[in-house]
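Morning, everyone. I'll take you through one structure today, piece by piece. Have a look at it first.

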Amino acid sequence: MRLRNSTARTARARCGAALLAATALTLSACSAGGGTGGDTGGGGADGAKASVQSVTLGTAADSVGPATAVAGAHKGGTAYDLEQNGINHLDPAQAYINQEQIIGQLFSRQLTNYRIDPRTGKTTLVGDLATDTGESSDGGRTWTYHLKPGLTWQDGTPITSAQVKYGFERLYASFETAGPQYVQTWLSGQDFRKAYQGPYSGKSLPDSVIATPDNRTIVLHFLAPHPDTPYAMALSGSGPVLPAKDTEAKYDSAPFSDGPYEIADYQPGKQLLLRRNPHWDPRTDPVRDAYPDEWDIELGIAQPGLTERLMQQAGHDKDALALVAPADPTQTPLIATGAQYRSRLVSQYQPFVDVFNINTSRVKDERVRQALMYAFPMRQVQTALGGAPQGDLATDLIGPTVAGFQAADPFGKLAEPNGDPAKAKELLKQAGVTHLKLTYAYADEARWQTVARTLQSAFAKAGIDLQTTAIDSTSYYTLVGKVNNPYDLYRTGWGADWPSASTVIPPTMDGRLIADGDTDYAHLNDPYVNAAIDRVEKITDLSQQAVQWQQLAQYILKNDTPVIPYEYDKYFNVHGDGLGGVTYNSPLGAINPNTVYVK
Amino acid sequence: MLRFLVRRLLGAVVILALISALTYLLFFTLPSDPALLSCGKNCTPANVALIHHNLGLDKPVPVQYGEYMAGIFTGRRLPLGNCPAPCFGLSFANDAPVWTILSSRYPTTLSLAVGGAAVFLTVGVGLGLVSAWTRGSLFDRLASSVSLMGQSVQIYFIGPLAIYLLVDRLRWLDPGADPDWSHDPAGAVGGLVLPCLVMSVIFWSNYSRQTRSLMIEQLAEEHVRTARAKGMGRGYVFFRYALRGAMGPIVTLFGIDLGSVFGGAIITETTFGLHGLGQLAVAAVTQTDLPLEMGVMLFSSCAIVLFNVVIDASYAFIDPRVRLL
């Protein structure tokens, strides 16, 4: 499920990893090839290549502001952002999809955040409001954060640890249903709302759960060790809320700012106008340069018009970019081959991996599932979806932005990207299956209709009769999410919440989660895998854990074959010539607005 | 006249009630669950149940409908906050009051509809009149051909073409933009010119053809011939006698087309990146946002129904033979 697009229920998550001690850790995540737009490279030779980098855990020294200056940048002007969809949530605690989180960077701050070097694109997790990424004790169950001095809200009110605690308490409120639930689950268990009903109940979480020994210190006591905590503290909801300005559910339309910009005007689905927050002190902020005086975020701009506007850059579109919307597939060949776009092109991996799920409760023989894997025409599907600029061929469950990525290819798909019907036939014969008839369900949109025809033709070569069923796209996830759905094959996507497979393998492959609406779409329920998930989650050395996740992913794919991965998604689009300092936030899979300036 | 208006307005209320009930029921015939669109990765049964409660979907459908309709007049207290009258609910997608969203959107659609109608009536009827006046001439034949072409094209075809030529290449016109009449009236006009022109193309051709044939028909009528025989000037008879006779069917056509104008607004707004009720309707449907769907549907239906009452009433002025009962 992808959470990058609000019209499709999708999962965008970020990734996390940390050592119990605050030593620097490199996660071999593939990420931000850094700056683009002529500042630090970009598109690559064929205009569609993305690069692989790492996310490191920074030190206290890395967490000191101000942010690294962009060469040649200056303050002033209005930057424009074109968004395909409206913003569903402005309340940072409700933000989950990457669009909400990346726009939230402009008006909300968290305990930690990703510092992106505008020259190299190197991504480092650092303390944002906090002085560092956290100190752990009690075997990783307790995490302590100290707030930097001089932090204030948009009205000049100082930020205190009590407000951070209040921010965490709000996560328990009954209206906070859309945001990530890691922290509250880690603090109070799966039934966290039964343990505590939020600050509006008149009660506060006891010190044994969250303590604030002084105005600048906050101590989180988890039920179990959570080495990923520094990354979870970079999620949008891991920040303070000022009780006097808390309007409960209505905060979702008008949050109070502690970031470089405050909300000047918001018309849902139409426009979000941000102007400079005079009380934001850049000396406290290692992440945000905040060069433009204003951000004018235009919402609900349909494709392909959005891409066309960025390509043509008429009027103020010269100073425009699309933080999360990749180019329309119809325009990508033109952009990829046009020399005039090269200097303002961004082509980077996103955290999303797209797969075709094989319903293992219906297709029970793994040899049949492997036959489908061999017969699958991944190259044709990639072409039907817009080609390499939209995404690279995927052969693994874990994408290139995640720690431990190795691009395993157990079925040799890259050697036979058009499918190997002979091998598929052989496996079906071994399984004793003749006249195999399967049902493929797809969202009733033009591109998925094309893919349906592509699959039908490729599977027919392997002797598989693929029946296709179109589902109204608004009902798609509801229907394929049902345990007893009548389909054998259906597509979903998944993005890591932070660059660790802890946010990929357990939610998509743990058979104990199977229920209507859960995210183990293939209904895999392998006792070995379930036990392995429990084992790997307990590993506190994140480098070691990353290796173990990768091994488990390879085991699942090779032995259970519950899904057919086919694409590592990419952000691929141009921005206006009038903008500089355009860098990329790989954990969020979006342009990083923090370094952008208007030329 | 008063009796006519009261009767028509009461009829309008019944129509709107039927439309609202049908929209509400249709929503629940789809298998999609709005809670699954907003729970993201947290679609545990407990979280989904909580979202159902927050959205009011845990009540029986007739109760939900009754509360929704009553809320329009009385306001409501919802799990996600107060919603003062006129309460069209809170958007499932972004929790904002639907009335606030509608209020920020209708000026665009209204401007587009008025501007577009002004263009297609002026150009369409004008071309039809000139064609009828110069029947059989080169102009008449050319106008007929152009009208036929106009009738054959679609907004989503000529829209991008017009943007490419007139905005991106020649830079003669501004790209489409939402009007801000109170702060930037000049900019509002500039941003509407192209969308109104493009939207009008698919309509004016019909008016031009209709006007031409109606005028030719009228000019062959006996009362017109009599007027001419009595020595009245050609121009006088053309406008005073023939045009008046042709106006009735044209106004009827305009009344019927109003629904299409709103339909055309969906495509026009999407093509030009405008934020009106049409674009809102698409967003509401794709996000299975029931309160927003209801709000847009009721708002648009209300506008169309009321406008048709006005059109019907206008017959009395166009044709004195019509008595409104």
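Two strands count as paired if DSSP finds at least two bridges between them. Keep that in mind for the first stop. And note that this is a predicted model.

Start in chain A, with strand β3, residues 78-82. Two bridges join β3(A) to β13(A), and the two strands run parallel. Which residue stands opposite D81(A)? It is L321(A), in β13(A).

Now zoom out to the sheet. It is open, has five strands, and its pairing is mixed. The order in chain A is β10-β11-β12-β3-β13. Which strands stand at the edges? They are β10, residues 261-267, and β13, residues 320-321, of chain A. Each has a single partner strand, so one side of each is left without a neighbour in the sheet.

Next, where the chains meet. Chain A puts 43 residues into the contact, and chain B puts in 41. On the chain A side, α6 (305-312) and α12 (476-480) each supply at least two residues. α12(A) gives the most, with three residues. By class, that side of chain A has 16 nonpolar, 20 polar and seven charged residues.

Over to chain B. The domain assignment gives domain 1, 2-96, and domain 2, 99-324. Their C-alpha centres lie 33 Å apart. The contact between them takes 25 residues from domain 1 of chain B and 23 from domain 2 of chain B. On the domain 1 side, α1 (2-29) and α2 (34-38) of chain B each give two or more residues. The largest share, 12 residues, comes from α1(B). That side has 19 nonpolar, five polar and one charged residues.

What does UniProt say about chain B? An unreviewed entry lists transmembrane regions there, among them residues 9-28 and 296-318. In the model, residues 9-28 of chain B are 100% helix, with end C-alpha atoms 29 Å apart. Residues 296-318 of chain B are also 100% helix, and their end C-alpha atoms lie 32 Å apart.

Last stop, a helix pair in chain B. The axes of α5 (98-133) and α10 (234-272) come within 9 Å and cross at roughly 145°. The crossing of α5(B) and α10(B) is right-handed. From α5(B), the contact includes L112(B), G116(B) and W133(B). From α10(B), it includes F238(B), I250(B) and T268(B). By class, this helix contact has nine nonpolar, three polar and no charged residues.

That's the tour. Thanks.

Conventions
Residues are numbered from 1 along each chain as its sequence is written. Chains are lettered from A and ligands numbered from 1 in the order in which they are written. This is a predicted model: local features need pLDDT of at least 70, side-chain atom pairs count only at pLDDT 80 or more; totals for chains, interfaces and linings use all residues. Helices (H or I, at least four residues) and strands (E, at least two) are DSSP runs, numbered from the N terminus. Axes are lines fitted to C-alpha atoms, for helices over the stretch in contact, and angles run from 0 to 180 degrees between N-to-C directions. A crossing is left-handed if the near helix is turned anticlockwise from the far one by less than a right angle, and right-handed if clockwise. Two residues are in contact if their C-beta atoms, placed from the backbone, lie within 7 Å. Ala, Val, Leu, Ile, Met, Phe, Trp, Tyr, Cys and Pro count as nonpolar, Asp, Glu, Lys and Arg as charged, and the others, Gly among them, as polar. UniProt positions are given in the numbering used here, feature names are shortened, and annotations may be inferred rather than shown by experiment. Domain bounds come from an automatic or database domain assignment.
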